[in-house]
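Me: I am new to this structure. Please take a close look at a single part of it, then show me how the rest is arranged.

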Amino acid sequence: MEKKAINTLPKTPTGIEGFDEITFGGLPTGRPTLICGGAGCGKTLFAMEFLVRGATQFDEPGVFMSFEETKEELVSNVASLGFDLEDLIQKKKIALDHVHIERSEIEETGEYDLEGLFIRLEYAIDSIGAKRVVLDTIESLFAGLPNQLILRAELRRLFRWLKNKGVTALITGERGDGTLTRQGLEEYVSDCVIFLDHRVTEQTSTRRLRVVKYRGTVHGTNEYPFLIDEDGFSVLPVTSLGLRHVVSNDRISSGIPALDKMLEGEGYYRGSTILVSGTAGVGKTSMAAHFAEAACKRGERVLYFCFEESPNQLMRNMLSIGIDLGNWQQKGLLQFQATRPTFYGLEMHLAVTHKTVKAFKPDIVIFDPINTFAANDTEIEVKAMLMRIVDFLKANQITAMFTSLTSNRCVADSSDIGLSSLIDTYIMLRNIEFNGERNRGLYVLKSRGMANSNQIREFILTDKGVELREVYIGAKGVLTGSARIAQEASEYAELLIHQKDIERRKHEIVLKRKALEAQIDALQADFESVESEAIELIEMEQDKIERLKRNKAEMAKSRRVEIEDITSNNLKI
Amino acid sequence: MKEKKSNIKSLPDDFGLDISKPSKDKYVLRLYVTGSTNRSFSAISNLKKICEEYLEGRYELEVIDLYQKPGLAKGDQIIAAPTLLKKLPLPFRRIIGDMSNKEKVLVGLDLREQ
């Protein structure tokens, strides 16, 4: 974008999706541009769309001078793309002129020039105040007019004349043998040259566009895939995005609470790229479905590319783990896009992705699975394509989830088409084979920008969806499934025994105390009886003493003897 | 196709005889020029000479300056200038150039076999 400030060359937007982005603004204003390519590569369509969009979106009328197709042919050809040419002609937005040259009718009788063509063109331009001109395909003149010298001189003059006229011209040219155009038009039109290509590799065809040269400005130099469909032309400038995405701190749930917990308790970052990788039947699609459902519940839009299952099959299968995707599809929050990876080439997939994403405007895109691409293309191309997809989605703050099937052996590395570097959160699902059964384990291989858990969890599919359990890690290693359950049971049993032991000991003490207390009671009773006996004896003895005293006193009374001394001095009780 | 037709037509008339009497049809000609250039003038004068010589009394020649009537160029499919249109007799022909090559003009006008 900063480039625009430096760039003083005025540009005319074509309105063609993506093209203006790779040329940083469009075609050079007031200069001729050459667009060349083989038969059927889309030159005429590109040119026509340039005019139609100019007329409808930028209020720049245009002249289409056709040297091949008649007006009727052109009108009906572009009608299939939704352009109402007849209407635009009526409204004087577009002028069509079909130049017909019949070699057999012509006799050369001396010197001539192409002033007639100039006048004709000027007349057409002036009649509607055209700012844009298309000459399609001017090379037909070479077949109609025998004198090449005159023709070349006149063409040179024509392009100069167009420049002076100040119209933005687009000239189409057929690709030649080893040259860009058959008649070397690139010699005359040297400001901007665009090359269209239509290649078939491995039985799939891809259209590509390249800006060969663009004088006085920067431009993307790559080959960009493009599409021609019912909406016209669209070029995919995905690689021009670079690494300048805006990032979000927003977090979104994975749909599995236990997995969110492993990711700082909050889940993925919005706009990040998530890879779920694992062997066959490990539950990748289930995880994707969870993610999709969670997003739909938040009211977000999900675009689901399924490359292996039909949407109906997928929905049925997901119902079995309690996820009703059909419901969300009906509400319009979820859209499926199902194609076989072999159906078209990588670029076409990219293009379709691009287009569907732009049309549906999802918050989340799921690709399930990506590695089926690798079957028909080389890995480097697949990686390049995925990189473009990732770039494109990131730039639009769309969270992407890829699932990837890996072979059981080299789980972490050879898998996933060398994708790991593109991925922000990488979740591995793996089978743990032990003790005669196969269980699923899940761990977070990496998750950029968060303190993710390093634990392996057991991944269980239930009729209420995915559950994650702690796995048993002990002396015997990682235990999952029934081994884990057995281990847990034995631990529980041991615990029970210990508990019983404690109970028993407690009981014993109670009993002991009771016995002791009984003993104490008995002793007390003993003592009490002894004590009471003693008191009785004492009382009896005191009685005796009293009686003796009384007897003595009575005796003394009778004998008149003083006895107080005896009692007071000798006897003390 | 058109040429073949003309050949067949001319066969019964005068077989093998060159200039004698090619046709008594009336010639309708239209010459497009671009302004008052030397080339325009030489085209007009060259053509008039030929017409007087070969088609005296049976031709109609209209000279049009494209600068004056640019709208006609599209309908008559003019690209080169000067261009002479032989509208009648059929076949339709366009003869381009300054008419300096008399033999070629005659061929174009079907006044001489090639």
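Reply:

**A close look at one side chain**

In this predicted model, the side chain of A:Arg251 comes to 2.9 Å from the backbone oxygen of A:Gly267. The backbone oxygen of A:Leu263 is also reached by the side chain of A:Arg251, at a distance of 3.1 Å. A:Arg251 itself belongs to strand β13 of chain A, which covers residues 251-252.

The relative accessible area of A:Arg251 is 15%. Buried means under 20%, so A:Arg251 counts as buried.

When neighbours within four places in sequence are left aside, A:Arg251 is in contact with A:Leu263, A:Glu264, A:Glu266, A:Gly267, A:Tyr268, A:Tyr269, A:Arg270 and A:Met450. The list includes A:Leu263 and A:Gly267, whose backbone oxygens were named above.

A:Thr23 sits in the loop that joins α2 (19-22) to β2 (27-28). With a relative accessibility of 0%, A:Thr23 is buried. The side chain of A:Thr23 reaches the backbone nitrogen of A:Gly26 at 3.0 Å. Not counting residues up to four places away in sequence, A:Thr23 touches A:Lys11, A:Val211, A:Tyr214, A:Val218 and A:His219.

The other threonine, A:Thr462, is placed in strand β22 of chain A, residues 457-462. A polar atom of the side chain of A:Thr462 lies 2.7 Å from the backbone oxygen of A:Gly465. For the backbone nitrogen of A:Lys464, the distance to a polar atom of that side chain is 3.1 Å. Beyond the neighbours within four places in sequence, A:Thr462 is in contact with A:Ser320, A:Ile321 and A:Glu467.

Next come two helices of chain A. Two packed helices are described by the angle between their axes and the distance between the axes. For helix α6 (residues 115-128) and helix α8 (residues 148-165) of chain A, the axes come within 11 Å and cross at roughly 20 degrees. Angles under 35 degrees count as roughly parallel, so α6(A) is roughly parallel to α8(A). The crossing of α6(A) past α8(A) is right-handed. On the α6(A) side, the contact is made by A:Glu115, A:Phe118, A:Leu121, A:Glu122, A:Ile125 and A:Asp126. On the α8(A) side, A:Glu154, A:Arg157, A:Leu158, A:Trp161, A:Leu162 and A:Lys165 take part. By class, this contact has six nonpolar and six charged residues, and no polar ones.

Chain A has 16 helices and 25 strands. Of the 573 residues in chain A, 51% are buried. Among the contacts in chain A with a separation of 6 or more, 69% are between residues 24 or more positions apart.

Chain B contains four helices and four strands, and along the sequence they follow the pattern α-β-α-β-α-β-β-α. Buried residues account for 42% of the 114 residues in chain B. Residues 24 or more positions apart make up 65% of the contacts in chain B with a separation of 6 or more.

Note on methods. Residues numbered from 1 in each chain as written. Chains lettered and ligands numbered in written order. Predicted model: local features only at pLDDT ≥ 70, side-chain atom pairs only at ≥ 80, totals over all residues. Heavy atoms only, no water. Buried < 20%, exposed > 50% of the residue type's maximum accessible area, 1.4 Å probe, protein only. Contact = heavy atoms within 4.5 Å. Polar contact = N/O pair within 3.5 Å; in protein donor to acceptor, adjacent residues only side chain to side chain. Axes fitted to C-alpha atoms, helices over the stretch in contact; angles between N-to-C directions. Parallel < 35°, antiparallel > 145°, perpendicular 65-115°, else oblique. Left-handed = near helix turned anticlockwise from the far one by under 90°. Nonpolar A, V, L, I, M, F, W, Y, C, P; charged D, E, K, R; others polar.
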